[in-house]
Structures are given as C-alpha cells and as structure tokens.
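Welcome! Please take a moment to look over the sequence and the fold shown here before reading on.

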Amino acid sequence: MKTSKPLSLLLSLLTALAVLSGSIAAPLLCRPFYYAHIDALGLVEYTGLTREQITEAFDQMMDYCLGQRPNFAAGVLPFSASGASHFADVRGLFLLDLWVLVLSLAGLVVLFFWCRRKKARPHCFLGRGPGFWAASALGAIFLVVGGLAALDFDRAFVVFHALFFPGKENWLFNWWEDPVILILPQEFFRNCAVLVLTLLLTWCAVLIGADLWAASIRKKRREEVSRQGGCPGCQG
C-alpha cells in the first residue's frame, strides 16, 4: 500500500478544522447549556424578566444567528439598529463555523473512502499519523491561548472582538438601548470559552492517545512478523 505526504497534510488540516469547529459549535447548538445559566447567574432577578421571557429572547436571537429566521428578534426586548447589525456579524461567524464543520467532516469521509479505493494511506511523519500532528498543534496553540485568557479574561474578551469584528464598535452595547446584553453576561461567555477549550483539549487527547495506541499495535505486529520470519533461518 502506497503512502502519500500530501494526503497526510490534508488529513491533518481537515482533522484540526473538524475538532476546532466542532468544539465551537457545541455551545451554539446546545441551548440547555444557556438555560442552566438562567438560574445559576440569577438572570431573572437581575433583569426583572421571567424565565420564559429570557428563554424566548435567547431562542429568537440564536434562531437568527444560526440562520433559522431571516430577521433579528429578541422576544420582548427592544434593540437598536447598531445592536442588530452586530448580531448580523455574529450570524456570519456562526454560519461560517457550521459550514467549516460540515465540510471538514465531509472531506474526511470522502478521503476515507478514496484511500480504501486507491489502497493509499497517509505518510507517517516521524512515525506519527495526521491525527497526532493535528491534535498536537491544535492542543498546544489553545493551551497557550486558554492560559493567556485565564490570566485576564476581560482583556481577552476585548481582543477577541477586535480580531473578529475589526474596525467595529457595535459590540459595545448600552443596556438601555439593547437590553439583550443583560441576558448575556460576561460570565456566560467565559463559561462558553471554558466549554470550547475543554472539548477541544479532550478531542486532542483522544486523537493523540489513539495514535499512540495504533503505533504500539503496529510495533507488536512488526515484532511478531520479524520473529516468525527469523525462525526458519535459525533452524536452517
């Protein structure tokens, strides 16, 4: 079976994109994660809204950001044109992440069947497969990013918005114009970041562990073949 270096690089890239976009998608798609924060952060007392009103506002906001409704809405909460434009920017990022997830997973499936048909396999750089290198690079980067964010989350929050919304200030909400910000406290975003980082590092650990396990299996097989091939010679 022939090996391919370009195939290994492509698999590493697609694996890294799938792990990253999948980890980010988790808090976007799992709405009970937000619902659990309503009581935990005392949002009913803080906003003066009922739990049902908060849930409706969040659901309508997320429906828009995930492309499930054409126009922005936030339940009973009013919003400014500037606030709505920020959520339009957020919608673009959310949908981009979901498309990256879908396309990277589809690419991995296609390559899997292509490899079986062509009887090809990825080259193992330094004896390690593409999953190992994707997980090692991604894990190292986000351990550093997560460590820096943990030191000063407020600063990390500002830097994040400066990077992903360059030249814009519509993410700086005034609660009296855009009270939706009251149901989205910074503690919730911090917990989203913790969830994303935890999932990402967990998947990286699984991929690295799987590669090490597969390498040990291959080593045992080589040793067994070597012993079997050596016996007739010894006897002769």
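## About the model

This is a predicted model, in which local features need pLDDT of at least 70 and side-chain atom pairs count only at pLDDT 80 or more, while totals for chains, interfaces and linings use all residues. Residues are numbered from 1 along each chain as its sequence is written, and side-chain values use heavy atoms, with hydrogens and water left out.

Helices (H or I, at least four residues) and strands (E, at least two) are DSSP runs, numbered from the N terminus.

## Helix 2 meets helix 4

Let's begin with two helices. Two packed helices are described by the angle between their axes and the distance between the axes. For helix 2 (residues 31-40) and helix 4 (residues 51-65), the axes come within 11 Å and cross at roughly 150 degrees. Axes here are lines fitted to C-alpha atoms, for helices over the stretch in contact, with angles from 0 to 180 degrees between N-to-C directions. Helix 2 and helix 4 are therefore roughly antiparallel to each other, a term for angles over 145 degrees.

On the helix 2 side, the contact (heavy atoms within 4.5 Å) is made by R31, Y34, Y35, I38 and D39. Helix 4 brings R51, I54, T55, F58, D59, M62 and D63. These residues divide into 6 nonpolar, 1 polar and 5 charged. Ala, Val, Leu, Ile, Met, Phe, Trp, Tyr, Cys and Pro count as nonpolar, Asp, Glu, Lys and Arg as charged, and the others, Gly among them, as polar.

## The nonpolar cores

A nonpolar core is a set of buried Ala, Val, Leu, Ile, Met, Phe, Trp, Tyr and Cys residues joined through side-chain atoms within 4.5 Å; buried means under 20% relative accessible area (1.4 Å probe, protein chains only). The largest one has 33 residues, of which Y34, M61, F87, V180, I183 and L184 touch the most other members. Helix 4 gives the most to this core, with 7 residues.

Leaving aside residues up to four places away in sequence, I183 touches Y34, L43, T47, L49, I54, A57, F58 and L77. A second, separate core of 7 residues includes A16, A135, L138 and C204.

## Two loop residues

Most residues other than glycine have a negative phi. K119, in the loop between helix 5 (81-118) and strand 2 (120-122), has a positive phi of about 55 degrees although it is not a glycine. K119 is exposed (over 50% relative accessible area), at 58%.

L126 lies in the loop between strand 2 and helix 6 (130-151). L126 also has a positive phi of about 55 degrees, and L126 is exposed, with a relative accessible area of 77%.

Methods. Angles under 35 degrees count as roughly parallel, over 145 as roughly antiparallel, 65 to 115 as roughly perpendicular and the rest as oblique.
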